[in-house]
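Visitor: I'm new to this one and would like to go through it with you. Could you put it up on the screen, please?
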Amino acid sequence: MESLDPAVDPPVDALQSVFHLYETQRDGDRILYYGESLVPEQMLIREAWPAFREAGYEIEVASTETREDVVVARPIDTSIDGIPWKNMLLFLATIVSTLLVGAITWYYIPPSDLLANPLTILQALPFTAAILGVLATHELGHYVMGRYHGVNVSLPYVIPFIFPFGTLGAIIRMRGQMPDRRALFDIGVAGPLAGLTATVIVTVIGLTQSPIQIPARAMEQSGQMIIFNNPPLLDIIATVIGEPTAYNDPRMSVSPIIIGGWVGMFFTVLNLLPVGQLDGGHILRAMLGTTQERVAALVPVSLIALSAYLHYGLGYAFNESVGLWAFWGVLSAFVAFKGPANPIDDAPLGIPRVLLGVLTFALGALCFLLVPIEVATVS
């Protein structure tokens, strides 16, 4: 280990009031401060963090086998190291998966036609652009605001999948400490608001497109058909611009671009669940402080109760949103257990941000459906 250079490294006196310092050493890009903490860990970090942050470091407290306390300082790094191959490969894979699912499921192109002429898959480009445009805009909202606040966030990871949309959505990773409630709120709220803006644009474009004709072979097939019910926001947009969301002629279907809007609205509902590391959890943690955990504890119970009500009260089958809400009830319990990001500075938000948070949850409520998915028998 190397000794420190006082002219370059953070000033040691930032720790004096809260930490009895024995020794200071450098280990690679880390700086290790050995000693004894004079206050609880969270208080130590809260007191020393501003000076270290100004010097370009994040800090955490660790313990050693000798029961010494160690304050570990790491440089804040918001740069992108090299080419983000994983992000790019996942994005390309999701382009392929959404093109394939879009072509077969939403544009009714037979697989045999795709094998005979692979370029036929490009007919689904509008569907792919709509889906990925909404998801990418949501995650880039988080990314841009994270960079603005100096929080180390990754580029978006888009997840390829199969039916019905060709993707499971997109995520980013927050690897840095959260400075304060304002940063937590801004990063959390930026995704839903950016995503909803893209969703409205995609929905308007989809509603104004000409309908597509369902092939006779698809109409003649018997079996079950999945119905994606309209969220209130979709119906509001359609009413405002005077466009239909369905046609009297069963041979006609709305443009698959609208599915991009539907996905944006549905994913907004899921992301705004006020638990753990979901957007809603971050936003509500910033708005309410630690009281958010009490709200988060009610979410899994509410979703499982909703699932039971749909099945036992309204008679819906497991594959008609019953299983969907049951799955998210269980998943939200795990997410809630992990908890949201805790800011270093826990000072309350100002009124404008609180009002923006209320508006964001209200917009999310316009995307909620008791039964988003139904199954109908066709013959």
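Visitor: Let's begin with Arg-182: how exposed is its side, as a relative accessible area?
Guide: This is a predicted model, and in it Arg-182 has a relative accessible area of 47%, so it counts as partly exposed.

Visitor: And which residue does Arg-182 form a salt bridge with?
Guide: The partner is Asp-180, and the closest N and O atoms of the two are 3.5 Å apart. Asp-180, at 15% relative accessibility, counts as buried, whereas Arg-182 is partly exposed.

Visitor: How many salt bridges does a search of the whole structure find?
Guide: The search finds four. Among them is one between Arg-181 and Asp-346, with the closest N and O atoms 2.9 Å apart. That pair links distant parts of the chain, since Arg-181 is in helix α5 (residues 181-207) and Asp-346 is in the loop between α11 and α12, 165 residues apart.

Visitor: Is Arg-181 buried or exposed?
Guide: Arg-181 counts as buried, at 9% relative accessibility, while Asp-346 is partly exposed, with a relative accessible area of 32%.

Visitor: What else forms a salt bridge with Asp-346?
Guide: Arg-285 does, and here the closest N and O atoms lie 3.1 Å apart. This pair also links distant parts of the chain, with Arg-285 in helix α9 (residues 279-288) and Asp-346 in the loop between α11 and α12, 61 residues apart. Arg-285 counts as buried, at 2% relative accessibility, and Arg-181, Arg-285 and Asp-346 are linked in a network of salt bridges.

Visitor: Switching to rings, how many aromatic pairs are there?
Guide: The count comes to 11 aromatic pairs. In one of them, Trp-106 and Phe-127, the ring centres are 6.3 Å apart and the planes are at 25 degrees, which is under the 30 degrees that the rule asks for, so the pair is stacked. Because Trp-106 lies in helix α2 (residues 85-106) and Phe-127 in helix α4 (residues 125-148), the pair ties together parts that are 21 residues apart in sequence.

Visitor: Are those two buried or exposed?
Guide: Both count as buried, with Trp-106 at 14% relative accessibility and Phe-127 at 0%.

Visitor: What about the pair of Trp-325 and Phe-368, how are its planes set?
Guide: The planes of Trp-325 and Phe-368 are at 35 degrees and the ring centres are 5.7 Å apart, so this pair is tilted. Trp-325 lies in helix α11 (residues 318-338) and Phe-368 in the loop between α12 (351-365) and β10 (373-378), so the pair ties together parts that are 43 residues apart in sequence. Trp-325 counts as buried at 1% relative accessibility, whereas Phe-368 is partly exposed, with a relative accessible area of 34%.

Visitor: Which residues form one aromatic cluster?
Guide: The cluster includes Trp-106, Phe-127, Trp-325 and Phe-368, together with others such as Phe-165 and Trp-262.

Visitor: Last topic: what domains does the assignment give?
Guide: It gives domain 1 (12-75) and domain 2 (85-377), and their C-alpha centres lie 41 Å apart. Six residues of domain 1 are in contact with seven residues of domain 2.

Visitor: How much area do domain 1 and domain 2 bury between them?
Guide: They bury about 590 Å², with 47% of it on carbon and sulfur atoms. On the side of domain 1, Trp-49, Arg-53 and Glu-58 lose the most area to domain 2, together 71% of what that side buries.

Key
Residues numbered from 1 in each chain as written. Predicted model: local features only at pLDDT ≥ 70, side-chain atom pairs only at ≥ 80, totals over all residues. Heavy atoms only, no water. Phe/Tyr/Trp six-rings, centres within 6.5 Å; stacked < 30°, edge-to-face > 60°. Helix = DSSP H or I, 4+ residues; strand = E, 2+ residues; numbered from the N terminus. Buried < 20%, exposed > 50% of the residue type's maximum accessible area, 1.4 Å probe, protein only. Salt bridge = Lys/Arg side-chain N within 4 Å of Asp/Glu carboxyl O. Domains from an automatic or database assignment. Contact = heavy atoms within 4.5 Å. Buried area = accessible area lost by both parts, 1.4 Å probe.
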